[in-house]
Amino acid sequence: MPNDKRGVSASIPATVTAHTATPEQKQARVYEVFQSISTDYDRMNDVISLGRHRAWKRALVRAIAAVRPEAVLDLASGTGDIALAIAQAVPAARVTASDFSENMLAVARQRFDEAGVENVTIACENALSLSFLDDSFDVACVSFGLRNMPDYGQVIAEMTRVLRPGGRFFCLDSSYPTHPLIKPFFRLYFKYLMPLMGTLVAHAPEEYKWLNDSTEAFLSKDALADLMRKQGLTDVTYRSFLFGGAALHSGTKPPATVPAASATPATPPVIPAKAGIQNAPTPTVPEPPYQDTE
Ligand SMILES: C[S@@+](CC[C@H](N)C(=O)[O-])C[C@H]1O[C@@H](n2cnc3c(N)ncnc32)[C@H](O)[C@@H]1O
């Protein structure tokens, strides 16, 4: 039963893994996972990341606040912790917390109500096909969401579309470390300890096994940076956390290009020098009004 906003159809067999799922199955499975773990999600995040996700998210919010945005999209916002932190760090900003899981958004709504913030709007949207207008946000961020999506390039393209020219893109996500001594520990942790903790804390071993699979199947940090460039983002950089177990990528939507006809007029107007006026300068493309502070 496709839903116009969520864009999710029927559920899938339990034997399908993140490695073998078709894009449609992956989306349906992810939807089911987050619908079912929504009330345990925040507690589990603290447990499985040993509280480290809070520091990484603070780094993301600091980077966003430094941009002084007026409009921010937090895609795959989940239970809304990042959207709330942005709304509090930049009270002048309008923050949109968007996700396709109604249950995750219900937890987010409660969080915003309890905090008493008035500058956050909730939107139930599928990240693959957003209803927001082109060029409507100064910042678009996604945290621990991209790896759950069936088409990373499509999501980055959508986020770039809704960013205004010069707007900033941020993606925080887990990743496998590349260091040969560190990697086996992470594999052990993700593959065995995480589902075990999922069983003990959230009684949801299959759901947390799926989360391991999706991290394993996700892009390397360099491959994600390349994909961002391919989708048209510039100034692409990333910083790693916890031996590469997570990374914060950022990029910029290029400023709008001036149409060729107006950038270089066929016959530029010539004004006599003795009148003390210079020829009209060729229009230049403005620089983005802010710098990457990460
Ligand atoms: C791991 S949670 C991340 C929540 C929050 N951003 C955080 O950092 O804790 C991933 C979120 O992505 C959402 N999600 C996954 N696929 C999506 C899609 N195609 N469209 C919209 N949301 C999606 C899930 O519903 C879930 O809330």
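**Entry 1. Overall make-up**

I began with the secondary structure of the chain, which comes to 10 helices and 7 strands; helices (H or I, at least four residues) and strands (E, at least two) are DSSP runs, numbered from the N terminus. I noted that this is a predicted model, in which local features need pLDDT of at least 70, side-chain atom pairs count only at pLDDT 80 or more, and totals for chains, interfaces and linings use all residues. Residues are numbered from 1 along each chain as its sequence is written.

I then looked up burial. Of the 294 residues in the chain, 41% are buried. A residue is buried if 20 or more other C-beta atoms lie within 10 Å of its own, exposed if 12 or fewer, and partly exposed in between, with C-beta atoms placed from the backbone.

For contacts, I took those between residues at least 6 apart in sequence, and 67% of them join residues at least 24 apart. Two residues are in contact if their C-beta atoms, placed from the backbone, lie within 7 Å.

**Entry 2. The sheet**

In what order do the strands of the sheet lie? I read the order as β3-β2-β1-β4-β5-β7-β6, an open sheet of 7 strands with mixed pairing. The edge strands are β3 (120-124) and β6 (234-241), each of which pairs on one side only. From one strand to the next the twist averages 15°. Two strands count as paired if DSSP finds at least two bridges between them.

Strand β2 (residues 94-99) pairs with β3 in the parallel sense over 5 bridges, and T96 stands opposite T121 in β3. T96 of β2 also stands opposite L73. β1 and β2 run parallel and are joined by 5 bridges.

**Entry 3. Strands β1 and β4**

I next checked strand β1 (residues 71-75), which is joined to β4 by 4 bridges, the two running parallel. V72 stands opposite V139 in β4, and the bridge partner of L75 in β4 is V142. In β1, 4 of the 5 residues are buried, so the strand is largely enclosed by the rest of the structure.

How many residues of strand β4 (residues 137-143) are buried? I found 7 of the 7, so β4 too is largely enclosed by the rest of the structure. On to strand β5 (residues 163-174): 6 bridges join it to β4, and the two run parallel. V139 has R168 as its bridge partner in β5.

**Entry 4. Crossovers and a helix on the sheet**

I logged β1, α4 and β2 as a right-handed β-α-β unit. A crossover is right-handed if, with the strands pointing away from the viewer, the path from the first strand over the helix to the second runs clockwise. β4, helix α6 (residues 152-162) and β5 also make a right-handed β-α-β unit.

I also looked at helix α9 (residues 221-230), which lies across β5, β6 and β7 (246-252) and runs at about 160° to β6. Axes here are lines fitted to C-alpha atoms, for helices over the stretch in contact, and angles run from 0 to 180 degrees between N-to-C directions.

**Entry 5. The ligand shell**

Which residues are closest to the ligand? I listed A76, G78, F100, S101 and S143, from 21 residues that surround the ligand; a residue is near a molecule or strand if its C-beta atom, placed from the backbone, lies within 6 Å of it. α1 (23-37) and α4 (81-89) each supply at least two residues of the shell, and the largest share, 3 residues, comes from α1.

By class, I have the shell as 10 nonpolar, 9 polar and 2 charged residues. Ala, Val, Leu, Ile, Met, Phe, Trp, Tyr, Cys and Pro count as nonpolar, Asp, Glu, Lys and Arg as charged, and the others, Gly among them, as polar.

**Entry 6. Two loops**

I returned to A76, which lies in the loop between β1 and α4. A76 is buried, with 25 other C-beta atoms within 10 Å. Its phi is positive, about 55°, although A76 is not a glycine. Most residues other than glycine have a negative phi.

L242 is in the loop between β6 and β7 and has a positive phi of about 50°, again without being a glycine. L242 is partly exposed, with 18 other C-beta atoms within 10 Å.

F243 is found in the loop between β6 and β7. F243 is partly exposed, with 14 other C-beta atoms within 10 Å. Leaving aside neighbours within four places in sequence, I found F243 in contact with P177, H179 and I182. The C-alpha atoms of F243 and H179 are separated by 7.9 Å, with the two residues 64 apart along the chain.
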